[in-house]
Structure formats: structure tokens, C-alpha cells
Amino acid sequence: MLASVLDTPPMGDAEVPCRLEPDLFFAEAPADVETAKAVCGACPVREQCLADALDRREPWGVWGGQLLVSGQVVARKRPRGRPRKNPAPVAA
């Protein structure tokens, strides 16, 4: 699926940053995912990219500045490993 998306012709004359470093937009590390989301901030086709990804129900990756997991937008990528049994208390 990734290859078919990246092989499509450019959207007009727009320079899309994801074509320069596509692996960043499918990173495992939460810090890399946040970097990819920031790179999307100035992209001229950000809104179209997100809408198309949601229509295709992309399984994962950063699309249009949002992280998709199982075709749904999620706020943050959870780091690898098991979650804590007793979560840290949240300060009020």
C-alpha cells in the first residue's frame, strides 16, 4: 500500500514533505511520529491527505498531520511494551 501511495503523481505543483523521507511517517518510535506530524504542519495538501487516508482506512502511519491506527485518528503513539499494572496518578 505504501508504494502505491508514494508512486502516485505529485498533487499539482505542491512539494509534499513525505516524499523526501517516507519512512519517518511510518516510524515505530513515538518521538519520530511526533516529528512526522510536525513536518506535515506546513504541507499544502495536508487536509486532502488526511481525508483520503481516512477514506482508504489506512491501517497505520502519519497522514495529514494525524496518526492513524487501524484506520482511526489517535492522539499519541503508545511506546512498545506492556502498560503499567498500576498507572501513575494523574495530578489534578
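A salt bridge here is a side-chain nitrogen of Lys or Arg within 4 Å of a carboxyl oxygen of Asp or Glu. The views below all come from a predicted model.

**View 1. The salt bridge between Arg56 and Glu58.** The side chains of Arg56 and Glu58 meet at 2.7 Å, N to O, in a salt bridge. Glu58 has a relative accessibility of 3% and counts as buried. Arg56, by contrast, is partly exposed, with a relative accessible area of 35%. Arg56 also lies over the face of Trp63, at 5.2 Å from the ring centre. Side chains of opposite charge can pair when their charged atoms come close.

**View 2. The salt bridge within helix 2.** A search of the whole structure finds two salt bridges. One of them joins the side chains of Lys37 and Glu34, with a distance of 3.5 Å from N to O. Both Lys37 and Glu34 belong to helix 2, where they are three residues apart, about one turn of the helix. Lys37 is buried, with a relative accessible area of 15%. Glu34, at 29% relative accessibility, counts as partly exposed.

**View 3. The ring pair of Phe26 and Trp60.** The count of aromatic pairs comes to two. In one of them, the rings of Phe26 and Trp60 have centres 5.4 Å apart and planes at 75°, so the pair is edge-to-face. Phe26 lies in the loop between helix 1 (2-6) and helix 2 (30-39), while Trp60 is in strand 1 (residues 60-63), so the pair ties together parts that are 34 residues apart in sequence. The relative accessibility of Phe26 is 17%, and Phe26 counts as buried. Trp60 counts as partly exposed at 38% relative accessibility.

**View 4. The ring pair of Phe26 and Trp63.** Here the ring centres of Phe26 and Trp63 are 5.8 Å apart and the ring planes stand at 80°, so this pair is edge-to-face. The pair links distant parts of the chain, with Phe26 in the loop between helix 1 and helix 2 and Trp63 in strand 1, 37 residues apart. Phe26 and Trp63 are both buried. Ring pairs link Phe26, Trp60 and Trp63 into a cluster.

View 5. The buried residues of helix 2 are Val33, Ala36 and Lys37. Seen down the helix axis, the buried residues of helix 2 fall within an arc of 100°, so they line one face of the helix. What covers these buried residues includes strand 1 and strand 2 (66-69). The face turned away from the buried side of helix 2 carries the exposed residues Ala31 and Ala38.

**View 6. The largest nonpolar core.** In soluble globular proteins, nonpolar side chains tend to be buried together. The largest nonpolar core of this model has 13 residues, of which Phe25, Ala36, Val62, Trp63 and Leu68 touch the most other members. Helix 2, helix 3 (46-56), strand 1 and strand 2 are the elements that give two or more residues to this core. The largest share, three residues, comes from helix 3. Not counting residues up to four places away in sequence, Ala36 touches Leu24, Phe25 and Val62.

**View 7. Gly61 and its surroundings.** Gly61 is found in strand 1. At 2% relative accessibility, Gly61 counts as buried. Leaving aside neighbours within four places in sequence, Gly61 is in contact with Phe25, Phe26, Gln66, Leu67 and Leu68. The C-alpha atoms of Gly61 and Ala36 are separated by 9.3 Å, and the two residues are 25 residues apart along the chain.

**View 8. The elements of the chain, for orientation.** The protein chain has three helices and three strands. From the N terminus on, these elements run α-α-α-β-β-β. Of the 92 residues of the chain, 27% count as buried. Among contacts between residues at least 6 apart in sequence, 42% join residues at least 24 apart.

Key:
Residues numbered from 1 in each chain as written. Predicted model: local features only at pLDDT ≥ 70, side-chain atom pairs only at ≥ 80, totals over all residues. Heavy atoms only, no water. Phe/Tyr/Trp six-rings, centres within 6.5 Å; stacked < 30°, edge-to-face > 60°. Helix = DSSP H or I, 4+ residues; strand = E, 2+ residues; numbered from the N terminus. Buried < 20%, exposed > 50% of the residue type's maximum accessible area, 1.4 Å probe, protein only. Lys NZ or Arg CZ within 6 Å of the ring centre and 35° of its normal. Arc of directions from axis to C-beta. Contact = heavy atoms within 4.5 Å. Core = buried A, V, L, I, M, F, W, Y, C linked by side-chain atoms within 4.5 Å.
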